[in-house]
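Subject: Structure handover

Hello,

Here is the structure I promised to pass on. Please open it first, then read my notes below.

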Amino acid sequence: METVFSQYAWLVPVFPLAAFLILTAFGRGMKQSGPLVATLASFAALVLSALILFEHMNGADEYNDSFTWIGIGGFELTAGFDVTNLTALMLIVVSLVAFLVNVYSIGYMKDDERITVFFGYVALFTFSMLGLVLADNLLTLYIFWELVGVCSFLLIGFWYQKPEAKAAAKKAFIVTRVGDVGLLIALLLLFWYMPDHDLSFSAIENVFGQSGLITEGITTLIAILIFVGAVGKSGQFPLHVWLPDAMEGPTPISALIHAATMVAAGVFLVARTFPIFEASQAALDTVAYVGAFTAIFAASIAIAQNDIKRILAYSTVSQLGYMMMAIGLGSVTAGMFHLFTHAFFKALLFLGAGSVIHAVHTQNIHEMGGLGKTMKTIAWTFAIGALALAGIPPLSGFWSKDAILAEALHANPALFAVGIAAALLTALYMSRLFFLVFAGKPKAGGEAHESPAVMTMPLIVLAVLAIFAGFVEMPFAGTGWLGEWLTGHAAEHEGTALVMLVSTAVGLLGIYLGWLIYVKGAIPRDVVTSRAPWLTRLLERKYYIDEIYHAVFTVSLRAIGRALDAFDRHVVGGAVRLAGGAAVWTGRAATRMQSGQVQSYGLYVVIGLVILVAAIAGRRFW
Amino acid sequence: MLSSYLTMAAILFCIGLYGALSKRNAVIVLMSVELMLNAVNLNLVAFSKYGVVPSLDGQIFSLFTISVAAAEVAVGVAILIALFRRRGTANVDEFNEMRR
Amino acid sequence: MGGFYIDWSGELVAFFAFAVVMIVGAVLMLTLTKVVHMVVSLAAVFLGLGGMFVVLEAEFVAFVQVLIYSGAVTILLLFGIMMTDHQAAQHEPTRPVHEIVSAVAAIVLFGILFYAIRTTEFAPSAPPLQAGVDNAMEIGKQLYTQHVIPFELVSVLLTVAFIGAIVIAKKEAE
């Protein structure tokens, strides 16, 4: 079918880019109108993305347009955009969440001095993320990948007067950089091995779809290196350490970047290059195991955290682990489905947390309480988000998590057990969070107030999406629409009734436990803390991973740096100084020859004469 | 026979050279220079008698060198006296304006 | 003179006698402490050299040598000493390095010269000079015919020299 809007897909990133340029150029005087310009641009991007989505939902063909970017002799590098079903889905997710965050930030960042700078950075980020989504070859994607990292750095360190924010921004950039090196090497390997050095995704699909064109070893290597890049960007173990620290940034960008979009870029990358992974079982297994481990690892840390944003951050890491596990088990559908629903309910949770922080001016959940009485809208929307995250039917999170768990049961029951355990922990920490913040007696000052409409509207929209977004892919026969649309074949569901029952039971159990501990008080709060304080400390200190990294990497690298500096200063510098010193010393020695004493000069003459005569006369000997 | 005269002249010349280079009193330096000139004269006269082409030219040459040497001593002593009047010392070390 | 076969003759004996006088005088000149003694030993060297000229049958040159060198030049040097430095003893700081190096240089130079003298073949193309009876007459003949121009020039030089010496050594006008 003909595409009308897809050919203008390149405009979607251009709207936020234009907003960034305008805000950067004229921002100083646009404190009032700047945010509106940015929001308008993101709305335009949203409208166009929606149009493209509808077009593709009605069965439009894939659209691709590219131009030659660098042409050297017979060799060409192209850049362009791809509009596939997968791309269209991601477009709508990114632009919708970006638009809602823009609206929310008008209220949240109202009193900030650098509000136009903030909106400029957010617009730049939106441009980069949309560009990443639309990229048609791996090189273009890598460029936008790095751009997204830069925007994340700028936004995490937005309040740069705080040293923690600066440190967190640096940490985020450096840790994701470690992952990016893997992606770069994979890119170079692909460049080397792909026929015609073609890095476009369609070429990748063609080449890796046929077996034997590229050896198994190389395929596994490339796949694992791409996954390393995804591990960095999506905060999987062991490169997850930057995500919780990134909560130093303003809450709207925690919602946008570190919940819904940038961290999903890793999952998106793996989905885009799935043909490479499909060709290597070892790589798929790696992805699945790393994802599963991260899911339960992060969930266990989240139970012991006291900062509302940190709990949500570790929750994000855990849910990204679920998505990776899904793709590793072979189901792109389940992974992308969870990405889709997670974007909405996690953004909802973060924006809700932002409203809470905005009202009570603290981030420690033990200092909050009973906010449910005064902040009704926020409490309700937060509850919907929490239930979706815990996987309670019929909310969206239930359907997407169910798809993943069904796949796990079918492919690898051990991972199914891990997934169930993580689901229990998820429900537990979310209910702990909710009950400590919203239930019970009010603690903080009592001046908690409802947020302005501009901040609650996005929450309501997201809550609606969190409820209904799951119905696009349901495991009953004839209703699994998303899978077929995304991958071209219907997803297979086996044993799903069992899975649905078990996951629901586990979710309800987690919530019940939370209610028992934190509301009823039937089980004392320190049941674990008093019996096994070491466990609490271990979880609270995030398994001491940061400390380990510091001891292993930072200390040794700094020591190496100091050693090299000393080497440079003393050995290399010393050699230079030696050369200079030798010249000066020679000069000084020569100066002493010019004493003004005629007899010395006479002596030099005689010596010279003797040497000369000896040299000439002695020639006969050799 | 010739080589013994030449060796004698060489000995005198080297002794004079050593004195010219290492003595501190200017008059003694002058004396050493005279010694060197005498060695040259001996060489000339020896070659005049025993040389490859024996002739009287060697002796005549030595007469000229003797005269020039005498003139040089006169002028040298005069300069020394003038310097001594200025500086109060006849030490060669003290005259080092040619430094640097 | 090759090998150790010494052909004793009167010339050789006289040569050795005067050679000893000259060398002793030269060495004494360097090693004595009082300057006046040094001048006296230098005069001895000049006299020895005059004797050697006689052995070489250059009587006129010997006469001139004794007259000018051990006469005029010695007196001139004595005057120089009297006018400049009465202090006989040298008590200034020594320069051992310089003295040793110049001694070494002088010895090496002598070594080179000696080597050159020993290895050169002096093949006389004619028998040694027969100076004849009247050396002065012969020299006079050569001087006023062949070498008259240098002769005149030397007289000019001597005039210039003594005028210059007077000018330099004169006491400055008050």
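Let me start with one loop. C:Glu57 sits in the loop between α2 (35-55) and α3 of chain C. Its phi is positive, about 60°, although C:Glu57 is not a glycine. C:Glu57 has 19 other C-beta atoms within 10 Å, so it counts as partly exposed. Bear in mind throughout that this is a predicted model.

**Chain C**

Chain C has 174 residues, of which 23% count as buried. It holds 6 helices and 0 strands. Along the sequence the pattern reads α-α-α-α-α-α. Take the contacts in chain C between residues at least 6 apart in sequence: 52% of them join residues at least 24 apart.

**Chain A**

Chain A has 622 residues, and 52% of them count as buried. Its secondary structure comes to 25 helices and 2 strands. The C-alpha atoms of chain A fill a box of roughly 115 × 60 × 55 Å along the principal axes. Among its contacts with a separation of 6 or more, 81% are between residues 24 or more positions apart.

**Where the chains meet**

How many residues of chain B are in contact with chain C? The count is 59, and they meet 68 residues of chain C. On the chain B side, the elements that give two or more residues are α1 (2-22), α2 (26-50) and α3 (57-87). The largest share, 20 residues, comes from α3(B). By class, this side of chain B has 43 nonpolar, 13 polar and 3 charged residues.

One helix pair is worth a look here. α3(B) and α3(C), residues 59-84 of chain C, pack at an angle of about 5° with their axes 10 Å apart. The two helices are therefore roughly parallel. On the α3(B) side the contact includes B:Leu63, B:Ile66, B:Val73 and B:Phe84. On the α3(C) side it includes C:Val64, C:Ile68, C:Leu76 and C:Met83. The residues of this helix contact divide into 18 nonpolar, 5 polar and no charged.

Chain C also touches chain A. That contact takes 7 residues from chain C and 8 residues from chain A. The chain C side has 5 nonpolar, 2 polar and no charged residues.

**The cores**

The largest nonpolar core has 208 residues. Those with the most contacts inside it include A:Val97, A:Ile226, A:Met325 and A:Ala347. Helix α15 of chain A, residues 332-360, gives the most to this core, with 18 residues. What does A:Ala347 touch, leaving out residues up to four places away in sequence? The list is A:Val97, A:Ala255, A:Ala259, A:Ala260 and A:Leu462. A second, separate core has 73 residues, with B:Ala10, B:Tyr18, C:Met22 and C:Ile81 among them.

**A helix pair in chain A**

Look next at α6 (residues 163-193) and α8 (residues 216-234) of chain A. They pack at an angle of about 150°, with their axes 7 Å apart. α6(A) and α8(A) are therefore roughly antiparallel. Their crossing is left-handed. Residues of α6(A) in the contact include A:Val178, A:Gly182, A:Ile185 and A:Leu189. They face a group in α8(A) that includes A:Leu221, A:Leu225, A:Ile226 and A:Gly229. By class, this contact has 15 nonpolar, 5 polar and 2 charged residues.

**A buried isoleucine**

A:Ile511 is found in helix α21 (residues 496-520) of chain A. Is it buried or exposed? A:Ile511 is buried, because 21 other C-beta atoms lie within 10 Å. Beyond residues up to four places away in sequence, it touches A:Ala390, A:Ala427 and A:Ser431. A:Ile511 and A:Leu425 are 86 residues apart in sequence but 9.7 Å apart in space, C-alpha to C-alpha.

**Backbone points to check**

- A cis peptide bond joins A:Phe237 and A:Pro238, with omega about 0°. A:Pro238 is in the loop between α8 and α9 (242-245) of chain A.
- The bond from A:Pro393 to A:Pro394 is cis too, with omega near -5°. A:Pro394 is in the loop between α16 (376-390) and α17 (396-411) of chain A.
- A:His361 has a positive phi near 60° and is a residue other than glycine. It lies in the loop between α15 and α16 of chain A. A:His361 counts as exposed, because it has 12 C-beta neighbours inside 10 Å.

Best wishes

Notes:
Residues are numbered from 1 along each chain as its sequence is written. Chains are lettered from A and ligands numbered from 1 in the order in which they are written. This is a predicted model: local features need pLDDT of at least 70, side-chain atom pairs count only at pLDDT 80 or more; totals for chains, interfaces and linings use all residues. Two residues are in contact if their C-beta atoms, placed from the backbone, lie within 7 Å. Helices (H or I, at least four residues) and strands (E, at least two) are DSSP runs, numbered from the N terminus. Ala, Val, Leu, Ile, Met, Phe, Trp, Tyr, Cys and Pro count as nonpolar, Asp, Glu, Lys and Arg as charged, and the others, Gly among them, as polar. A nonpolar core is a set of buried Ala, Val, Leu, Ile, Met, Phe, Trp, Tyr and Cys residues joined through C-beta atoms within 7 Å. A residue is buried if 20 or more other C-beta atoms lie within 10 Å of its own, exposed if 12 or fewer, and partly exposed in between; C-beta atoms are placed from the backbone. Axes are lines fitted to C-alpha atoms, for helices over the stretch in contact, and angles run from 0 to 180 degrees between N-to-C directions. Angles under 35 degrees count as roughly parallel, over 145 as roughly antiparallel, 65 to 115 as roughly perpendicular and the rest as oblique. A crossing is left-handed if the near helix is turned anticlockwise from the far one by less than a right angle, and right-handed if clockwise.
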